[in-house]
Amino acid sequence: MRKDVVLPTILPSIQNNLDLYEFLEKYDDKWVLLKIGDINTLPSIIRKLHANGTKVIVHQDSIRGISADRSGVQFLANIGADGIDTTKQRCISMIHETGVLAVVQLFVIDSISVNTAIHVIQEGMPDYAILMPSCIPSKVVKSIRERSKCSLLGGGMCSDRKDLDQILSNGMSGAVTSEKSLWHRK
């Protein structure tokens, strides 16, 4: 586990090319979650973000041509990903082996998925877990955090400062959002 990395409260989610171009031109966040590209374009995108002073967590499942296996994880680490985000429990240990930040995304929609999320975090020991949707009640967040001992981020449905404040007051350490009004302008 990478306890030396503390992610910021806001983690911009780059979901299309327009987001990428706007981010590079107008924003100054130090970390992003990247959900665009393919096996051919991703190295160039990561280089551009690094040249901008931005570290990149690649959402493995969103990148075309990248498999959710050891080769896919190693490829992402080799091309400079600073972190890898996955929805696959089996990939967490592979990500750890590369030395990059390990992030897992978990959908928490009912009591069964709460128990599954806790199990996945306890077994895989990711550095961060993104819980979706981010509007999870505080008692659920508290239960997951206490039982898993993992830093939690809210993912999805964070559209303004009020939503962010609620996410933080519910016990998460930050939010992943595509809402540009929450990103940090240059």
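Q: Which residue stands opposite Ala-175 in β8?
A: Gly-154 stands opposite Ala-175. As to the basis of these answers, the model is predicted, local features need pLDDT of at least 70, side-chain atom pairs count only at pLDDT 80 or more, and totals for chains, interfaces and linings use all residues. Residues are numbered from 1 along each chain as its sequence is written, and side-chain values use heavy atoms, with hydrogens and water left out. Helices (H or I, at least four residues) and strands (E, at least two) are DSSP runs, numbered from the N terminus.

Q: How many bridges join β7 to β8?
A: Three bridges join β7 to β8, and the two strands run parallel. Strands count as paired if DSSP finds at least two bridges between them.

Q: And what about β1 and β8, how many bridges there?
A: Strand β1 (residues 10–14) is joined to β8 by three bridges, again with the strands running parallel. Ile-10 has Ala-175 of β8 as its bridge partner.

Q: What do the strands form overall?
A: They form a closed barrel of eight strands, in the order β1-β2-β3-β4-β5-β6-β7-β8, with parallel pairing. From one strand to the next the twist averages 25 degrees. Axes here are lines fitted to C-alpha atoms, for helices over the stretch in contact, and angles run from 0 to 180 degrees between N-to-C directions.

Q: Back to β8: which of its residues are buried?
A: In strand β8 (residues 174–177), Gly-174 and Val-176 on one side and Ala-175 and Thr-177 on the other are all buried, and both faces are covered. Buried means under 20% relative accessible area, exposed means over 50%, and partly exposed lies in between (1.4 Å probe, protein chains only).

Q: How many residues of β5 are buried?
A: Six of the seven residues of β5 are buried, and the strand is mostly covered. Four bridges join β4 to β5, which run parallel, and Thr-86 is the bridge partner of Val-104 in β5.

Q: What is the pairing of β3 with β4, parallel or antiparallel?
A: Strand β3 (residues 55–59) pairs with strand β4 (residues 83–86) in the parallel sense, over three bridges. One of the residues involved is Ile-57, whose bridge partner in β4 is Gly-83.

Q: Which residues of α4 are buried?
A: Cys-91, Ile-92, Met-94 and Ile-95 of α4 are buried. Their cover includes α3 (70–78), β4, β5 and α5. Just after α4, Gly-99 takes a positive phi of about 90 degrees.

Q: What does α5 lie across?
A: Helix α5 lies across β5 (101–107), β6 (128–132) and β7 (151–155), and runs at about 165 degrees to β5.

Q: How far apart are the axes of α1 and α2?
A: The axes of helix α1 (residues 17–26) and helix α2 (residues 42–51) are 10 Å apart, and the helices pack at an angle of about 20 degrees. That makes α1 roughly parallel to α2. Leu-20, Phe-23 and Leu-24 of α1 make the contact with Ile-45, Lys-48 and Leu-49 of α2.

Q: What is the phi of Lys-149?
A: Lys-149 has a phi near 60 degrees, a positive value in a residue other than glycine. Lys-149 lies in the loop between α6 and β7 and is exposed, with a relative accessible area of 63%.

Q: And Met-157, buried or exposed?
A: Met-157 counts as exposed because its relative accessibility is 60%. Its phi is also positive, about 65 degrees, although Met-157 is not a glycine.

Technical notes: Contact means heavy atoms within 4.5 Å. Angles under 35 degrees count as roughly parallel, over 145 as roughly antiparallel, 65 to 115 as roughly perpendicular and the rest as oblique.
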